[in-house]
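Dear colleague,

Please find below the structure that I am handing over to you. My notes on it follow directly after.

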Amino acid sequence: MKTDSLEVTAVLRDQHRQIRRAFIRAARPGRGRSQAFHHLVQLLATHEAAEEAHIHPTARRAARTATAAARVGEEKHAKELLARLYRIGPDGDGYLRGLRSLRRAVLAHAAREEREEFPVLEQLGRARRRMLGLEVKVAKELAPTRPHPRVNGELANRLAMPVLGPADRCRDLVRRRRAGA
């Protein structure tokens, strides 16, 4: 089945590619590591929030309750790893070890999503696939940009987005200004 760039699986596959590349950049030594790390954090936080708010509920409603629950559990674990890594920071002791651990968890999770949930999504009508792709894109723009391990599931993410998203973006702006000063 051919998909266009707005269909949900195309949107998610593109985000998974961006995340894989961001892990590579965040592991590189040098001056750009900090910026690459913060970019990775933002990609992961917004991507997972969008999936929890839109993708896993769709899979659950398609009678894939166990699959959706497993993915949410994996995301919770990844958020905990990301929060731990965020506290360490790109210059802290154990950063690369933590980054490798997070990378393994995230890439295994993405592979399971593509194998188990994407076929369910691809069975939806074209209009619904496109709408879901747009919902994911919008949610990613509104979602928190930092790890919030206690925010899990559809309702929590939908409620957190309008509060934690802007708060995180303000903190990000302050961090960037301080880094540039």
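The notes below concern the packing of helices in this structure.

This is a predicted model, in which local features need pLDDT of at least 70, side-chain atom pairs count only at pLDDT 80 or more, and totals for chains, interfaces and linings use all residues. Residues are numbered from 1 along each chain as its sequence is written, and side-chain values use heavy atoms, with hydrogens and water left out.

Helix H2 spans residues 33-61 and helix H3 residues 65-88; helices are DSSP runs (H or I, at least four residues) numbered from the N terminus. Their axes come within 10 Å and cross at roughly 165 degrees, the axes being lines fitted to C-alpha atoms over the stretch in contact, with angles from 0 to 180 degrees between N-to-C directions. H2 is therefore roughly antiparallel to H3 (an angle over 145 degrees). The contact (heavy atoms within 4.5 Å) involves, among others, Phe37, Val41 and Leu44 of H2 and Ala68, Val72 and Leu82 of H3. Its residues comprise ten nonpolar, three polar and seven charged; Ala, Val, Leu, Ile, Met, Phe, Trp, Tyr, Cys and Pro count as nonpolar, Asp, Glu, Lys and Arg as charged, and the others, Gly among them, as polar.

H3 also packs with helix H4 (residues 95-122), where the axes come within 10 Å and cross at roughly 160 degrees. H3 is therefore roughly antiparallel to H4. Residues that meet here include Leu81, Leu85 and Ile88 in H3 and Tyr95, Leu99 and Leu102 in H4. This contact divides into eleven nonpolar, five polar and seven charged residues.

Yours sincerely

Technical notes: Helix = DSSP H or I, 4+ residues; strand = E, 2+ residues; numbered from the N terminus. Parallel < 35°, antiparallel > 145°, perpendicular 65-115°, else oblique.
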